[in-house]
Each structure stands twice: as structure tokens, then as C-alpha cells.
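Please look through the sequence and the model below before reading on.

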Amino acid sequence: MLKEIERAFKCLSVESRNRIYYKYMSEDSLYDYQIYNAQNISKDTYYRELGKAQLEFAEAYNGGELMVFDYKREKSD
């Protein structure tokens, strides 16, 4: 499992790698506001870009194994 995580992590863009690392992998426990202040971006931009990084990781991990799709059908009358 660690090999797959490492392999997927290496596939990420530099920005996504940094966001994933500081949010989930850093030995220092950082609050989100510390991360986005250090990256000199707004709170909204941070969360938007973190979401993109998480999606990028999910796509890279074991050929998209972490991808989950929620199809909602509308009720027909």
C-alpha cells in the first residue's frame, strides 16, 4: 500500500504534491490557515486547489481505484 501511495504521489504536479504533503504527510501538524498563509494564497483558493490535488491523487492511485462516482437519478413523474 505504501508503494502505491508513493507512486501516486510522484505522479502529482509540484503544486498538488506540496498541498497533499503539507495537509496530510508532514511531520509538523499544520493548520490549514498556516498552509495557505505560507503559500500566499487565499483561504478559498487553498480549498479549491486542495480539492483539485485530492482528485489528482485519487486518479493517480492504482489507476483511479479511489475514484467514486455518485450517480443520482431524477425521479420521473
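At 56% relative accessibility, Lys10 counts as exposed, where exposed means over 50% relative accessible area, buried means under 20%, and partly exposed is in between, with a 1.4 Å probe and protein chains only. Lys10 has its place in helix 1, and its C-alpha atom is separated by 9.1 Å from that of Ala60, although Lys10 and Ala60 are 50 residues apart along the chain.

This is a predicted model, in which local features need pLDDT of at least 70 and side-chain atom pairs count only at pLDDT 80 or more, while totals for chains, interfaces and linings use all residues. Residues are numbered from 1 along each chain as its sequence is written, and side-chain values use heavy atoms, with hydrogens and water left out.

**The overall plan**

The protein has four helices and zero strands, and reading along the sequence gives the pattern α-α-α-α. Helices (H or I, at least four residues) and strands (E, at least two) are DSSP runs, numbered from the N terminus. Of the 77 residues in the protein, 22% are buried. Among contacts between residues at least 6 apart in sequence, 45% join residues at least 24 apart, where contact means heavy atoms within 4.5 Å.

**Helix 4 and its two partners**

| Pair | Angle | Distance between axes |
|---|---|---|
| Helix 1 (residues 2–11) and helix 4 (residues 43–60) | about 125 degrees | 8 Å |
| Helix 2 and helix 4 | about 100 degrees | 9 Å |

The angle of about 100 degrees makes helix 2 roughly perpendicular to helix 4. Angles under 35 degrees count as roughly parallel, over 145 as roughly antiparallel, 65 to 115 as roughly perpendicular and the rest as oblique. In this contact, Ser16, Arg19, Ile20, Lys23 and Tyr24 of helix 2 meet Tyr46, Glu49, Leu50, Ala53, Gln54 and Glu56 of helix 4. These residues divide into five nonpolar, two polar and four charged; here Ala, Val, Leu, Ile, Met, Phe, Trp, Tyr, Cys and Pro count as nonpolar, Asp, Glu, Lys and Arg as charged, and the others, Gly among them, as polar.

The other pair packs at about 125 degrees, and that makes helix 1 oblique to helix 4. On the helix 1 side Ile5, Ala8, Phe9 and Cys11 take part, and they meet Glu56, Phe57 and Ala60 in helix 4. The residues of this contact divide into six nonpolar, no polar and one charged.

**Residues inside**

Which residues form the largest nonpolar core? There are seven of them, namely Ala8, Phe9, Leu12, Ile20, Ala53, Phe57 and Tyr61, and the elements that give two or more residues to this core are helix 1 and helix 4. A nonpolar core is a set of buried Ala, Val, Leu, Ile, Met, Phe, Trp, Tyr and Cys residues joined through side-chain atoms within 4.5 Å. In soluble globular proteins, nonpolar side chains tend to be buried together. Not counting residues up to four places away in sequence, Ala8 touches Phe57, Ala60 and Tyr61.

Leu50, found in helix 4, is buried, with a relative accessible area of 4%. Leaving out residues up to four places away in sequence, Leu50 touches Arg19, Lys23 and Tyr24. Ser16, which lies in helix 2 (residues 14–25), is also buried, with a relative accessible area of 7%, and it is in contact with Ala53 and Glu56 when its neighbours within four places in sequence are left aside.

**Residues toward the outside**

Asn18 lies in helix 2 and is partly exposed, with a relative accessible area of 37%. From C-alpha to C-alpha, Asn18 and Leu50 are 9.7 Å apart in space, while they are 32 residues apart in sequence.

Asn40 is found in the loop between helix 3 (32–38) and helix 4, and at 71% relative accessibility it counts as exposed. Most residues other than glycine have a negative phi. Asn40, however, has a positive phi of about 55 degrees although it is not a glycine.

Note on methods: Axes fitted to C-alpha atoms, helices over the stretch in contact; angles between N-to-C directions.
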